[in-house]
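Please look through the structure below before reading on. The text after it is a guided walk through the model.

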Amino acid sequence: MLVQQILKAKGDIQVVTIVPGTLVQDAAKVLAERRIGTVVISADGTTADGILSERDIVRELGKRGPQCMSDKVDDMMTSNLVTCTRAENADVVLQKMTEGRFRHMPVVEDGVLVGLITLGDVVKARLTELAMEKDALQGMIMGH
Ligand code: AMP
């Protein structure tokens, strides 16, 4: 299954972004209100300049305490992004996520953010695919 199909199945939802300079407390508010685990940092809404995960916030909270909530997201986000394109296979994306130990993957093409998929999206897509393969094989064996 291709990333493009996963995005279609999600309904091509627009990626939630915040601008650099946003305070961590405001980013946390966005995560809570939108019920999401990461937010992409984007200066103009089209580029992916970084990603901030609930994990980044919890780690800093544990290390430095609540004062980190008044910092700017720029210092806490991951700027070295691993991204994929719509043409990539879900298996490849799953491998990148497993190796990088993260659950989110911005979909970027020609420098433009076109979507975001989560580990949950990829697992769901793979399970659907495996169930279809199983049905097809069962049908062949049973002669249907
Ligand atoms: P996650 O498991 O996605 O909540 O994130 C775990 C860690 O990986 C956090 O430090 C994130 O900032 C970072 N991260 C999340 N997604 C990506 C990605 N696509 N590329 C690079 N780092 C990421």
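What follows covers the overall layout, the ligand site, the salt bridges and some surface and loop residues.

This is a predicted model, in which local features need pLDDT of at least 70, side-chain atom pairs count only at pLDDT 80 or more, and totals for chains, interfaces and linings use all residues. Residues are numbered from 1 along each chain as its sequence is written, and side-chain values use heavy atoms, with hydrogens and water left out.

The secondary structure of the chain consists of 5 helices and 5 strands; helices (H or I, at least four residues) and strands (E, at least two) are DSSP runs, numbered from the N terminus. Read from the N terminus, the order of elements is α-β-α-β-β-α-α-β-β-α. The C-alpha trace of the chain spans about 65 × 35 × 25 Å along its principal axes. The chain has 144 residues, and 34% of them count as buried. Buried here means under 20% relative accessible area, exposed means over 50%, and partly exposed lies in between, with a 1.4 Å probe and protein chains only.

The ligand is the next stop. Around the ligand there are 14 residues, of which Ser53, Asp56, Thr78, Arg103 and His104 come nearest; a residue is near a molecule if one of its heavy atoms lies within 4 Å of it. Three of the elements, β3 (50–53), α3 and β4, each supply at least two residues of this shell. Sorted by class, the shell has 6 nonpolar, 4 polar and 4 charged residues. In this scheme Ala, Val, Leu, Ile, Met, Phe, Trp, Tyr, Cys and Pro count as nonpolar, Asp, Glu, Lys and Arg as charged, and the others, Gly among them, as polar.

For Asp56, a polar side-chain atom lies 2.4 Å from an oxygen atom of the ligand. For Ser53, an N or O atom in the side chain is 2.6 Å from a ligand oxygen atom. For Arg103, the distance from a polar side-chain atom to an oxygen atom of the ligand is 2.8 Å. The protein covers 93% of the 480 Å² of accessible area that the ligand has on its own. Accessible areas come from the Shrake-Rupley method with a 1.4 Å probe, and for residues only the protein chains shown count as cover.

Side chains of opposite charge can pair when their charged atoms come close. The structure holds 11 salt bridges, a salt bridge being a side-chain nitrogen of Lys or Arg within 4 Å of a carboxyl oxygen of Asp or Glu. In one of these, Arg86 pairs with Glu109, with the closest N and O atoms 2.6 Å apart. Arg86 lies in the loop between α3 and α4 (90–100) and Glu109 in strand β4 (residues 104–109), so this pair ties together parts that are 23 residues apart in sequence. Arg86 is partly exposed, at 31% relative accessible area.

Arg126 forms a salt bridge with Asp91, where the closest N and O atoms are 3.0 Å apart. Because Arg126 lies in helix α5 (residues 119–142) and Asp91 in helix α4, the pair ties together parts that are 35 residues apart in sequence. Asp91 is partly exposed, with a relative accessible area of 39%. Elsewhere, salt bridges that share partners join Glu60, Lys63, Arg64 and Asp71 into one network.

Arg64 is partly exposed at 36% relative accessible area, whereas Glu60 is buried at 14%.

Arg101 is found in the loop between α4 and β4 and is exposed, with a relative accessible area of 73%. Asp110 lies in the loop between β4 and β5 (112–118) and is also exposed, with a relative accessible area of 82%.

Methods:
Polar contact = N/O pair within 3.5 Å; in protein donor to acceptor, adjacent residues only side chain to side chain.
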